[in-house]
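Hello,

Here is the structure I promised to pass on. My notes follow it.

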Amino acid sequence: MATPRIAVVGHVEHVTLGRAEGIPRPGDIVHLQDARFLPAGGGGLAFAQLCRSDAEVHLFTALGRDEAARVVEERIRAANERVHVHAARRSAAHPRVVIFVDADGRRTIIVTGSPLQPAATDPLPWSLLADCDAVYFTGADPESLRLARAARRLVVTARRGAALRAAAVAPEVVIGSVADPRENAPIDAYDPLPGALVLTDGPRPVRVVRRGGTTLVDAPPAPERVVGDYGAGDSFAGALTFFLAHGLSVEEACRHAGPHGAAVLRGIDPLETQTPLVAP
């Protein structure tokens with residue numbers, strides 16, 4: 001097929017990420033080791049994964065008006081030459097996030113404020129979504145979700161259940177995690193029903209749930225040692241959207257996307273460990 005056009009609708013946060021010995025206890029002073037900045041969050045990491053492809057990528061997001069917003073925007077606009085960033089402006093400070101990764105590779109996230117999300121009332125080129133082969137939605141505005149539904153295929157994070165209910169649209173895929181109580185609702189909790197509910201489960205098979213039953217898709221082998229698990233799910237979601245844009249079935253898209261999620265486990269910084277997306 002021709003080069004696909006793919007959009008991400010959602011937040012990009014100012015993240016400081018580093019290693020720590022464990023979760024801080026009351027009174028502790030914790031020193032982040034190997035600390036670094038990255039523009040991340042659910043929308044930012046899916047966007048970064050898609051930027052590692054030949055797709056035409058559009059990001060619809062919102063930014064604050066402070067130094068954190070400036071450096072976030074600078075990084076996301078420099079991703080590659082096929083990237084188009086459509087950013088609404090907010091008067092608020094851009095949210096900052098601090099992430100600790102412990103010796104077992106588990107991340108703990110501290111957030112300073114609610115994510116800044118774009119809205120359909122923002123003067124952004126929303127009509128582009130109707131010409132997209134796929135959209136990954138991790139926003140919060142129901143009307144922008146309705147606009148995203150005009151794309152050929154729509155993937156929505158399970159964390160946006162409230163927006164899905166308010167928008168009353170049926171995406172091709174809702175994606176979540178078995179281990180996360182914010183994401184593991186059964187498929188009949190969605191009205192209207194999505195085409196499929198995809199639930200990742202760590203190194204265990206991915207569950208593709210439809211009204212008629214569940215299909216298991218084998219997950220790729222995890223690395224012998226998990227260095228960091230931050231961003232694995234978001235990278236999987238970005239890759240899944242890419243392969244759906246290429247016309248693969250949900251099951252085949254999961255099979256192709258799995259290695260891209262697993263690759264992130266090899267380091268603490270997903271922007272360094274994400275792997276290139278190649279058309280099937």
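Predicted model: local features only at pLDDT ≥ 70, side-chain atom pairs only at ≥ 80, totals over all residues.

Ala-134, Tyr-136 and Thr-138 point one way from the strand. Val-135 and Phe-137 point the other way. All of them are buried. Strand 8 covers residues 134-138, and five of its five residues are buried, so the strand counts as mostly covered, with buried meaning under 20% relative accessible area.

Which strands does it pair with? Strand 1 (residues 5-10) is one partner. Strands 1 and 8 pair in the parallel sense, over five bridges. Strand 9 (residues 154-157) is another, also running parallel to strand 8, with three bridges joining the two.

Phe-137 is a handy landmark here. In strand 1, Val-9 stands opposite Phe-137. In strand 9, the bridge partner of Phe-137 is Val-156. From strand 8 the chain crosses to strand 9 through helix 3 (residues 142-148). This β-α-β crossover is right-handed.

**The largest pocket**

Next, the pockets. The largest has a volume of about 1,400 Å³. It is lined by 46 residues. Which of them lie closest to its centre? They are Arg-107, Arg-159, Glu-183, Gly-233 and Asp-234.

Helix 5 (residues 232-245) supplies the largest share of this lining, with five residues. By class, the lining of the largest pocket splits into 22 nonpolar, 13 polar and eleven charged residues.

**The second largest pocket**

The second largest pocket has a volume of about 240 Å³. Its lining has 13 residues. Nearest the centre of this pocket lie Ala-48, Cys-51, Arg-75, Ala-79 and Leu-271.

Which elements give two or more residues to this lining? They are helix 1 (41-50) and helix 2 (67-77). Helix 1 gives the most, with three residues. By class, the lining of the second largest pocket holds eight nonpolar, three polar and two charged residues.

**For quick reference**

- Largest pocket: about 1,400 Å³, with 46 lining residues.
- Second largest pocket: about 240 Å³, with 13 lining residues.

Best wishes

How values were computed:
Residues numbered from 1 in each chain as written. Heavy atoms only, no water. Buried < 20%, exposed > 50% of the residue type's maximum accessible area, 1.4 Å probe, protein only. Helix = DSSP H or I, 4+ residues; strand = E, 2+ residues; numbered from the N terminus. Pairing = 2+ DSSP bridges. Right-handed = clockwise from strand over helix to strand, strands pointing away. 1 Å grid on protein atoms, 1.4 Å probe; cavity = no way out; pocket = protein on both sides within 12 Å on 5 of 7 lines; lining within 4 Å. Points joined across faces, edges and corners; volume = space filled by probe spheres on them. Nonpolar A, V, L, I, M, F, W, Y, C, P; charged D, E, K, R; others polar.
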